[in-house]
Amino acid sequence: MKKNIFKLKTKQLKEIAQSLQTKVENGLGKDNTEIQCIPTYINPKTSGIEGSALVLDLGGTNYRVATIDFVDGKASIHPENGWKKDLSVMKTPGFTEADLFKEQADPIGEIKMEGKMPIGYCFSYPAESMLNGDASLIRWTKGVDIKEMLGKPVGQPLRDYLNKENGDKFTEVKVINDTVASLFAGLTDSSYDAYIGLIVGTGTNMATFIRPDKIKKLNPEYKGEGLIPVNLESGNFYPPHLTVIDDKVDACSDSKGAQRFEKAVSGMYLGEILKSVFPCDEFEERFDAQKLTNIMNYPDIHKKRYVDVSRWIYKRSAQLVAASLAGLVMVLVSHDKSIKKIHLVAEGSLFWSEDRKGKNYKDLVSEELRKLLIEFNLSDVHVHISKMKNANLIGSAIAALS
């Protein structure tokens with residue numbers, strides 16, 4: 001491929017940002033839209049967080065368990081980064097709800113617990129928040145497909161199973177996704193006007209806080225106060241200016257027509273994009289963003305055409321993320337003109353990946369976002385991007401203890 005079909009001009013990036021802005025507003029107004037904007041009915045404490053919680057973090061591949069103690073608003077995690085387990089087995093055909101519960105329960109016996117405690121469950125799949133803090137599974141992503149769990153609560157059945165296995169140790173369960181967990185973790189610094197949680201790893205998604213009067217579809221029975229955490233499920237955004245290669249990757253996927261933004265941006269799919277550019281060449285079957293960045297980082301041992309195209313795909317992913325962030329910033333500022341300082345907590349291996357021969361992913365996103373905000377006459381709005389260790393665990397504990 002001599003011509004870079006993945007190159008995006010500023011005009012195109014602006015159109016992508018405006019498309020996301022329109023679709024987010026649409027999602028705040030009604031159900032079953034492209035960007036779902038799912039309200040999370042948990043009002044997180046921003047101060048005075050005290051107590052202990054068990055935290056479960058179920059991601060695209062890994063599963064972590066920890067207890068978190070909050071004393072004077074400061075979190076301590078035991079064990080230090082959580083007890084980690086590879087749970088890619090949940091992607092195998094025939095894997096059941098009972099199998100998942102057993103796999104999740106196994107490490108909990110290794111965790112030291114004193115007395116009863118609530119559970120904060122970081123569940124990184126599309127789920128609709130319920131008024132009691134649980135969440136009902138909408139659909140699986142990231143190659144998982146446990147059909148009997150669709151449309152059902154994910155927290156309460158797991159809590160009941162864990163209580164049966166561990167002797168009634170758990171009082172209640174609050175379920176949030178990884179993006180909302182990152183959003184909540186950002187609240188530990190209260191010096192900002194607005195907050196965004198972002199994931200760019202195996203998959204991609206964003207979350208933010210929205211004023212209740214701007215969410216027309218809000219459950220009328222919700223009696224909470226303050227801003228509402230909203231899980232955008234932005235991986236399902238279908239941006240303009242995708243390519244024929246993206247169409248090909250989508251057509252070969254298990255979820256044709258869905259998660260188009262995720263398929264152009266996230267770590268699970270970047271390798272598939274590269275493979276689709278060179279359909280006659282042989283690549284490893286599992287070819288993710290890490291392998292793509294290896295090609296960029298070690299150009300001397302790879303074909304030049306692979307290196308060039310890998311760079312194009314990597315840069316476009318960062319530009320698409322920047323455009324989506326610009327669109328979300330426009331939503332926030334349109335709701336509240338006083339917003340000038342935004343705290344973005346970013347998670348995910350791709351977002352924090354390094355390019356030894358060029359600009360790192362985070363820097364590409366940051367520079368493109370700045371350019372777009374200036375283009376949209378928002379030069380006085382500043383987005384501070386931070387990496388928080390164990391954001392998922394801390395955010396989930398805040399949910400459990402709020």
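By the criterion that rings of Phe, Tyr and Trp (its six-membered ring) pair if their centres lie within 6.5 Å, with planes under 30 degrees apart counted as stacked, over 60 as edge-to-face and the rest as tilted, the count comes to 16 aromatic pairs. The structure is a predicted model, in which local features need pLDDT of at least 70 and side-chain atom pairs count only at pLDDT 80 or more, whereas totals for chains, interfaces and linings use all residues. Residues are numbered from 1 along each chain as its sequence is written, and side-chain values use heavy atoms, with hydrogens and water left out.

A pair of aromatic rings is described by the distance of the centres and the angle of the planes. For Phe237 and Phe261, which form a tilted pair, these values are 5.6 Å centre to centre and 45° between the planes. This pair links distant parts of the chain, 24 residues apart, with Phe237 in the loop between strand 11 (228–231) and helix 5 (244–251) and Phe261 in helix 6 (residues 260–265); helices (H or I, at least four residues) and strands (E, at least two) are DSSP runs, numbered from the N terminus. Phe237 is buried, with a relative accessible area of 0%, and Phe261 is likewise buried, at 2%, where buried means under 20% relative accessible area, exposed over 50% and partly exposed in between (1.4 Å probe, protein chains only). Elsewhere, Tyr121, Phe123, Tyr125 and Trp140 form one aromatic cluster.

Six strands form an open sheet of mixed pairing in the order 1-11-10-9-12-13, two strands being paired if DSSP finds at least two bridges between them. The edges are strand 1 (38–39) and strand 13 (382–386), each of which pairs on one side only. Strand 9 (residues 194–200) and strand 12 (residues 341–347) run parallel and are joined by six bridges, with Leu344 in strand 12 as the bridge partner of Ile196. Helix 9 (residues 304–335) packs on this sheet, touching strand 9, strand 10 (204–210), strand 12 and strand 13, where contact means heavy atoms within 4.5 Å. The direction of helix 9 makes about 10° with that of strand 10; axes are lines fitted to C-alpha atoms, for helices over the stretch in contact, and angles run from 0 to 180 degrees between N-to-C directions.

Strand 2 (residues 51–58) is mostly covered, six of its eight residues being buried. Eight bridges join strand 2 to the antiparallel strand 3 (residues 62–71), and five join strand 2 to the parallel strand 5 (residues 117–123).
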